[in-house]
Amino acid sequence: MVLSRPTSEKIHHQLTFDSSGNPGSKLSTEKKHRLFLLRSIDVIADVFEALYSSPNHGNKSVPMDELVYIHLSKKTNERGYSEAFDRLSSAFPHWMGLADADVEHLKRLIGSAGLGNQRTAELLANVRRIKAEFGSITLNPLLKWSERRIFEFLVSLEGIGPKSALCIMMYSMGKKVFPVDTHVHLICERMGFIGAGLDHDAAQKELAGMFPREMRYGLHVNMIAHGRQICRKRGRPLCELCNLDKFCLYFRKNQRDRNQGVSMIDVFCGAGGATLGFKNAGFAVRLAVDKDRKATDTYYLNNEELSFDQVITCDLQSLKSKTLRRRAHGKIIMVFGGPPCQGWSHIGKNHKKGQGGTDFFGDEKNTLYIEFARVLNIFNPRYFVMENVPGLLSADGGKYARIILKEFRNHKYESITLRLNASDYGIAQNRTRVFFIGRRIYRKGGSASARKELSRIAALIELKKEEKIVSFREVTKGLPHLKAAEGSNVVRIDDTNRALISKPHMIFNHFARKHNPRDLRIYELLSEGEDYGSFSRERRDKSLLPYNTESFKTKFRKISGNNICYAIISHLSRDANSYVHPQDNRGITVREAARVQSFPDGFVFLGKGFGQFIDLGNAVPPKLAQVIGLSITESLKDVKQYE
Ligand code: SF4
């Protein structure tokens, strides 16, 4: 039983089908959190490993040694049982003669481990049985048995329960099992891997098959270290020093009453760049929706004050109005949304090709603004902000933008469109996006006051422009230099002693691509700021010119360290040839791109490998959203003058 539950098939089913966050799902928020943890287990295991490096807790690599060690270590302190083990193993090398040892002599040797009578009786009973079964005092014959048979034999010994049996199997037989001691139990309960209040046997059964086999040893030994130092059994856990806090249900529940501010909703929320910026400007998110679970996992992780009731993984179109209202809890002042913009991204190009007659609203993706307007209709917020690409404004001489503005007007909103370039606001990136900003018309004839307030918001945004550009080199300063194929998703970059002084500094998502020799040679020859078009004019070596230089002018580009970077886009998930690092002869990492996008290092992107670029490339730069958010909250302070 302990070895087989739950099956990996069951877990796979839950991860794939049950954890959508769909409001139809009957799963509790705790269960959704647990499934989120299991989807993120590789990152969690990496954080534990970066913190503690799978320490040796003194366990033994020879099965019989480990059995004796386990006997001595139960219910006592480390020093006492370590000393007792040393005395016993010196007195009985290779345990020869132990079965016939004098009981009083044994009790004296065990002395410092305590419980001498009980330990001596159990130990003697077990070594005598082992000698009778195998002809000598060894457990080596078990190495040829199946895991289940080993487990059943060990738990049949005196004083050996499931946890002790699994420890012997894991530490000394190399079996990929997962023993649950009190530290592991407590951490798994606090983090939310198991429910609260399970007794120890029930916790062992729940956790036995929960983690991937190759991670079990590391998770076990690292959790013990974490329990001894940070997530303590006695007294308060030291969450302020814990790098796993974002993943931890105990910590997250304590953050919920911090969700204070101007209430907002984020639809098509993605990873949450806009939310972060608005939160920095004084907003509090009540609800976020996106249909991409990878994105909502990142969103949930980085918004610790929210539960899975408030982060919904679902197509907005399939969400009923009453569900949205119920989940958002109360009055909403602002709705933000960035409907997918792929359809509009290509409009400019199509127009140049004379395809102006294309019916862009024939593509469902281009009509999601109607869904956005439906959300406005449900909540009647005072403001909305909708982000999109500049192509939307230019399509058919502005025809589509006018249709969208008319739709907002039908829902009683005056709105303006602003083209904002991130680089004007202290962001190291040449990224222009369009923002529709709307203000509700509250009464007949109220359009003028709405327009007046929108003009004021636009002026406040304009006033926040910064004179000085921020360069790629400035924003990536301090990140470890990497060569191609170096780096890791989780890196600890300080040497601070873990002696309860400060939270270790970790860098996430900082790993570089592997490149082929030809591309590496091209990167090396490119100057900072140079692209493939100008590079190719100077080269005669055809092996360095694999693409048509006219059509692929920007196929290769090296970022100029002292200038702003090109716009970070989701295509970086496929290749980074046009985002070559100015010094390090490789494509930029997700963390470097995140800094360019103005994300702080504490914002962690989930997802496999370079797929993390998709959410990052689609995100609104937090600092740009903050500029808009601050302008709205400043205007909100003067509300009376518009009413
Ligand atoms: S956040 Fe606190 S409760 Fe959670 S694992 Fe860390 S120390 Fe333990």
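The ligand is surrounded by 14 residues, and the closest of them are Cys 231, Pro 237, Cys 239, Cys 242 and Cys 248. Two elements, helix H10 (182-191) and helix H13 (249-255), each give two or more residues to this shell. The model is predicted. The protein has 643 residues, of which 44% count as buried, and its secondary structure comes to 28 helices and 11 strands.

**The shell around the ligand**

- Helix H10 gives the most to the shell around the ligand, with 3 residues.
- By class, the shell holds 12 nonpolar residues and 2 charged residues, with no polar residues.

**Helix H9**

- Helix H9 covers residues 162-173, and its 12 residues should span 16 Å at 1.5 Å a residue. The end C-alpha atoms of H9 are 15 Å apart, which agrees with that expectation.
- Because 12 of the 12 residues of H9 are buried, this helix is largely enclosed by the rest of the structure.
- The buried residues of H9 include Lys 163, Leu 166, Ile 168, Tyr 171 and Ser 172.
- The partners against which the buried residues of H9 pack are H4, helix H8 (147-155), helix H11 (200-208) and helix H12 (213-229).
- Just after H9 comes Gly 174, which takes a positive phi of about 70°.

- Asp 65 is found in helix H4, which covers residues 63-73.
- Asp 65 counts as buried because it has 20 C-beta neighbours inside 10 Å, and a residue is buried if 20 or more lie within that distance.
- Leaving aside residues up to four places away in sequence, Asp 65 touches Lys 60 and Ser 172.
- Asp 65 and Ser 172 are 107 residues apart along the chain, and their C-alpha atoms are separated by 8.4 Å.
- In the protein as a whole, 69% of the contacts with a separation of 6 or more are between residues 24 or more positions apart.

**The open sheet**

- An open sheet is formed by 7 strands in the order S3-S2-S1-S4-S5-S8-S6, with mixed pairing.
- Strand S3 (311-313) and strand S6 (413-421) are the edge strands, each pairing on one side only.
- From one strand to the next, the twist averages 15°.
- Strands of a sheet pair through backbone hydrogen bonds, in either a parallel or an antiparallel sense.
- The pairing of S6 with strand S8 (residues 432-440) is antiparallel and extends over 9 bridges. In one of these bridges, Leu 420 has Arg 433 in S8 as its partner.
- Helix H16 (residues 321-328) lies across strand S1 (262-267), strand S2 (283-290) and S3, and it runs at about 145° to S2.

**Positive phi in residues other than glycine**

- Ser 53 has a positive phi of about 55° although it is not a glycine. Ser 53 lies in the loop between helix H3 (41-52) and H4.
- Because Ser 53 has 13 C-beta neighbours inside 10 Å, it counts as partly exposed.
- His 94, also a residue other than glycine, has a positive phi near 55°. The loop that holds His 94 lies between helix H5 (78-91) and helix H6 (103-110).
- His 94 counts as partly exposed, with 13 C-beta neighbours inside 10 Å.

Terms used: Residues are numbered from 1 along each chain as its sequence is written. This is a predicted model: local features need pLDDT of at least 70, side-chain atom pairs count only at pLDDT 80 or more; totals for chains, interfaces and linings use all residues. Helices (H or I, at least four residues) and strands (E, at least two) are DSSP runs, numbered from the N terminus. Two residues are in contact if their C-beta atoms, placed from the backbone, lie within 7 Å. A residue is near a molecule or strand if its C-beta atom, placed from the backbone, lies within 6 Å of it. Ala, Val, Leu, Ile, Met, Phe, Trp, Tyr, Cys and Pro count as nonpolar, Asp, Glu, Lys and Arg as charged, and the others, Gly among them, as polar. The expected span of a helix is 1.5 Å times one less than its number of residues. Two strands pair if DSSP finds at least two bridges between them. Axes are lines fitted to C-alpha atoms, for helices over the stretch in contact, and angles run from 0 to 180 degrees between N-to-C directions.
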